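Subject: Handover of a structure, with notes

Dear colleague,

I am passing on the structure below, together with some notes on what was found in it. Please read the notes with the coordinates open beside you.

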Amino acid sequence: SEDMTTMPVKVSAHDALERAGYKASDMEFAEFYDCYTILEAVCLEDAGFCPKGEIGNFFQSTDTTYKGTFPINTDGGQLSAGQLNPAGASGSQNTVEGVRQLMGKAGERQVKKNNLCMVNA
């Protein structure tokens with residue numbers, strides 16, 4: 001059913017973007033919680049980065065590395081950064097990385113366009 005593949009970000013992203021006066025297509029990069037690959041994929045769809053059911057095509061046609069056209073999880077996400085967090089606050093890692101990028105303090109993984117980011121923690 002649709003309920004099983006629709007995440008709360010469908011509402012929260014829409015509300016946040018509307019309040020900020022932006023669209024998902026305005027975002028320059030994203031930091032999304034990815035404890036499971038499918039969660040990140042479904043949430044990107046629900047946030048409006050691509051139509052529902054089209055995440056495969058999105059990933060195939062979009063370079064999501066920190067050097068790419070639409071960077072996602074620039075520190076490697078949960079597997080590379082979040083699960084190693086000694087404080088155990090793995091969900092907050094996305095927010096921290098987003099702020100680092102926005103401040104231009106992400107070092108070698110700094111994205112080129114760093115004015116607008118969507119974080120889903």
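The notes below go from confidence and overall layout to one helix, the core, the pocket and a few single residues.

This is a predicted model, in which local features need pLDDT of at least 70 and side-chain atom pairs count only at pLDDT 80 or more, while totals for chains, interfaces and linings use all residues. Residues are numbered from 1 along each chain as its sequence is written, and side-chain values use heavy atoms, with hydrogens and water left out.

Confidence and layout

The mean pLDDT (the predictor's confidence in each residue, from 0 to 100) is 89 for the chain, and 89% of the residues reach 70 or more. Confidence is highest in α3, at a mean of 97, and lowest in helix α4 (residues 77-82), at 71. Where pLDDT is low, the predicted coordinates should not be read in detail.

The chain has five helices and two strands, where helices (H or I, at least four residues) and strands (E, at least two) are DSSP runs numbered from the N terminus. From the N terminus on, these elements follow the order α-β-α-α-α-α-β. Of the 121 residues in the chain, 39% are buried; buried means under 20% relative accessible area, exposed over 50%, and partly exposed in between, with a 1.4 Å probe and protein chains only. Among contacts (heavy atoms within 4.5 Å) with a separation of 6 or more, 56% are between residues 24 or more positions apart.

Helix α2 (residues 37-47) is largely enclosed by the rest of the structure, because eight of its 11 residues are buried. Those buried residues are Glu-40, Ala-41, Val-42, Cys-43, Leu-44, Glu-45, Asp-46 and Ala-47, and what covers them includes α1 (9-20), β1 (29-32), α3 (55-61) and β2 (117-120). Just after α2, Gly-48 takes a positive phi of about 100°.

A nonpolar core is taken here as a set of buried Ala, Val, Leu, Ile, Met, Phe, Trp, Tyr and Cys residues joined through side-chain atoms within 4.5 Å. The largest such core has 19 residues, and those with the most contacts inside it are Met-27, Phe-32, Ala-47, Phe-49, Phe-70 and Met-118. At least two residues of this core come from each of α1, β1, α2 and α3, and α2 gives the most, with four residues. If residues up to four places away in sequence are not counted, Met-118 touches Ala-13, Leu-17, Met-27, Phe-29, Ala-30, Glu-31, Phe-32, Ala-47 and Phe-49.

The largest pocket

On a 1 Å grid over the protein atoms alone, a pocket is an open set of points where a 1.4 Å probe fits, with protein on both sides within 12 Å along at least five of seven lines, and lining residues have an atom within 4 Å of a point. The largest pocket has a volume of about 190 Å³, where grid points are joined across faces, edges and corners and the volume is the space filled by probe spheres set on the points. The largest pocket is lined by 13 residues, of which Ala-13, Ala-16, Leu-17, Met-118 and Val-119 lie nearest its centre. The elements that give two or more residues to this lining are α1 and β2, and α1 gives the most, with six residues. The lining divides into 11 nonpolar, two polar and no charged residues, counting Ala, Val, Leu, Ile, Met, Phe, Trp, Tyr, Cys and Pro as nonpolar, Asp, Glu, Lys and Arg as charged, and the others, Gly among them, as polar.

Single residues

His-14 is in helix α1 and counts as partly exposed, at 46% relative accessibility. His-14 and Asp-46 are 32 residues apart in sequence and 8.9 Å apart in space, C-alpha to C-alpha.

Glu-97, in helix α5 (residues 92-103), counts as buried because its relative accessibility is 0%. Beyond residues up to four places away in sequence, Glu-97 touches Glu-31, Thr-74, Asp-75, Ala-106 and Arg-109.

Most residues other than glycine have a negative phi. Asn-73 has a positive phi of about 50° although it is not a glycine; Asn-73 lies in the loop between α3 and α4 and counts as buried, at 7% relative accessibility.

With best regards
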